[in-house]
Amino acid sequence: MRGTVIKLRASGIESHLWFVVSNPDPETNRVLVFNLTDFANYPSSRCVLEIGDHPRITMRSSVRYFSPKIWDATVLQKQIAAGIFEQFQNASEAVISKIISGAYEDDTPEICFHYLPPRPA
């Protein structure tokens, strides 16, 4: 699951991308997921992604560390299969590492650190 990139399919609403940054936790089967927002909405984010960092990024974007999701991996896979979420090309390991690094420096909720992979070297 690490590296999975999805977007909620919502009629009439332009939703933002979500990046799965962890593999399923062996005890809970949960994954940690962060979404993007327009850079103008969150310029202080510790991780800014640019056009070209992923094919679906169309503008300078910030990772919203203050509103992550911890989702059951099996449920998420079923929601993707059911078309609730649209799945795109996986993020590169470089992008996922950049998001993880930023999580250690930003206002990431404490509960997330159980699911957050170690800080990249």
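Predicted model: local features only at pLDDT ≥ 70, side-chain atom pairs only at ≥ 80, totals over all residues.
**Helix H1**

Begin by selecting residues 73–81, which form helix H1. Colour Ala73, Leu76 and Ile80, the buried residues of this helix. Now look down the axis of H1: these buried residues fall within an arc of 60°, so they line one face of the helix.

Next, show what lies over the buried residues of H1. The cover includes five strands: E1 (5–8), E2 (17–20), E3 (30–38), E5 (61–72) and E6 (85–88).

**Helix H2**

Move to residues 93–103, helix H2. Its buried residues are Val95, Ile96, Ser97, Ile99, Ile100, Gly102 and Ala103. Strands E2, E3, E4 and E5 are among the elements that cover them.

**Val48 in strand E4**

Strand E4 consists of residues 48–49, and Val48 is found in it. Is Val48 buried or exposed? Its relative accessible area is 16%, and because the cut-off for buried is under 20%, Val48 counts as buried.

Select Val48 together with Ile99 and draw a distance between their C-alpha atoms. The two residues are 51 residues apart in sequence, and the distance in space is 8.6 Å. Then show the contacts of Val48. Setting aside neighbours within four places in sequence, Val48 touches Phe39, Asp53, Arg60, Ser61, Ser62 and Lys98.

Select Cys47 and Cys112. How many disulfides does the structure hold? The number is zero. For Cys47, the nearest cysteine sulfur is that of Cys112, 15 Å away, and Cys47 is in no disulfide. Cys112 is likewise in no disulfide. Both side chains can be checked for burial: Cys47 is buried, with a relative accessible area of 0%, and Cys112 is buried, with a value of 1%.

**His54 in a loop**

Go on to the loop between E4 and E5, where His54 is found. His54 is buried, with a relative accessible area of 2%. Apart from neighbours within four places in sequence, the residues in contact with His54 are Val5, Phe19, Phe88, Gln89, Asn90 and Ala91.

**Asn29 in another loop**

Which loop holds Asn29? Asn29 lies in the loop between E2 and E3. Check the backbone here: Asn29 has a positive phi of about 65°, although it is not a glycine. Asn29 is partly exposed, with a relative accessible area of 25%.

**The largest pocket**

Rolling a probe the size of a water molecule over the atoms shows where empty space is left. The largest pocket has a volume of about 240 Å³. To outline the pocket, select Lys7, Glu14, Ser15, His16, Leu17, Leu36, Asp38, Arg56, Ile57, Thr58, Met59 and Ser61, the residues that line it. Colouring this lining by residue type gives four nonpolar, four polar and four charged residues.

Terms used:
Residues numbered from 1 in each chain as written. Heavy atoms only, no water. Helix = DSSP H or I, 4+ residues; strand = E, 2+ residues; numbered from the N terminus. Buried < 20%, exposed > 50% of the residue type's maximum accessible area, 1.4 Å probe, protein only. Contact = heavy atoms within 4.5 Å. 1 Å grid on protein atoms, 1.4 Å probe; cavity = no way out; pocket = protein on both sides within 12 Å on 5 of 7 lines; lining within 4 Å. Points joined across faces, edges and corners; volume = space filled by probe spheres on them. Nonpolar A, V, L, I, M, F, W, Y, C, P; charged D, E, K, R; others polar. Disulfide = S-S within 2.5 Å. Arc of directions from axis to C-beta.
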